[in-house]
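Hello,

Here is the structure for your files. My notes on the sheet and the helices follow below it.

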Amino acid sequence: MMNITMTEEQGRMVVAISGDFDNTASSKAEQKLAPLFERDDCDIVIDCSELEYISSSGLRIMLNIYKHTRKNGHRAILRDLQEDVEEVLRTGGFLQLYEVEG
């Protein structure tokens, strides 16, 4: 089960993802994240402190977030990566795209 919460923190949108970001959760995630793609005025932080698993469909959404953020001249940041998720993101080249905090 995956859960997404979005909050604004110090002028940045923080997207906290918990649970499994898998194929089943990706359609729900796209709906939940739709307002994020309407914003073009802030950095986006993906809080991964409670993200346990990410599949290829989750990676696709993460790539779309990165592209949207960079297109608008802002930063895309990953925060508090768990070891297993960090390895998947490293293998997929995401750690070369996103900045990493924590």
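S1 and strand S2 (residues 12-21) run antiparallel and are joined by eight bridges. Thr7 has Val14 in S2 as its bridge partner. Helices (H or I, at least four residues) and strands (E, at least two) are DSSP runs, numbered from the N terminus.

This is a predicted model: local features need pLDDT of at least 70, side-chain atom pairs count only at pLDDT 80 or more, and totals for chains, interfaces and linings use all residues. Residues are numbered from 1 along each chain as its sequence is written, and side-chain values use heavy atoms, with hydrogens and water left out.

The sheet is open, with five strands in the order S1-S2-S3-S4-S5 and mixed pairing. Two strands pair if DSSP finds at least two bridges between them. Strand S1 (2-9) and strand S5 (99-101) are the edges; each has a single partner strand, so one side of each lacks a neighbour in the sheet.

Helix H1 (residues 23-33) and helix H2 (residues 56-71) have axes that come within 8 Å and cross at roughly 25°. Axes are lines fitted to C-alpha atoms, for helices over the stretch in contact, and angles run from 0 to 180 degrees between N-to-C directions. H1 and H2 are therefore roughly parallel to each other (angles under 35 degrees count as such).

In the contact (heavy atoms within 4.5 Å), Asn23, Ser26, Ala29, Glu30 and Leu33 of H1 meet Ser56, Ser57, Arg60, Ile61 and Ile65 of H2.

Best wishes

Conventions:
Parallel < 35°, antiparallel > 145°, perpendicular 65-115°, else oblique.
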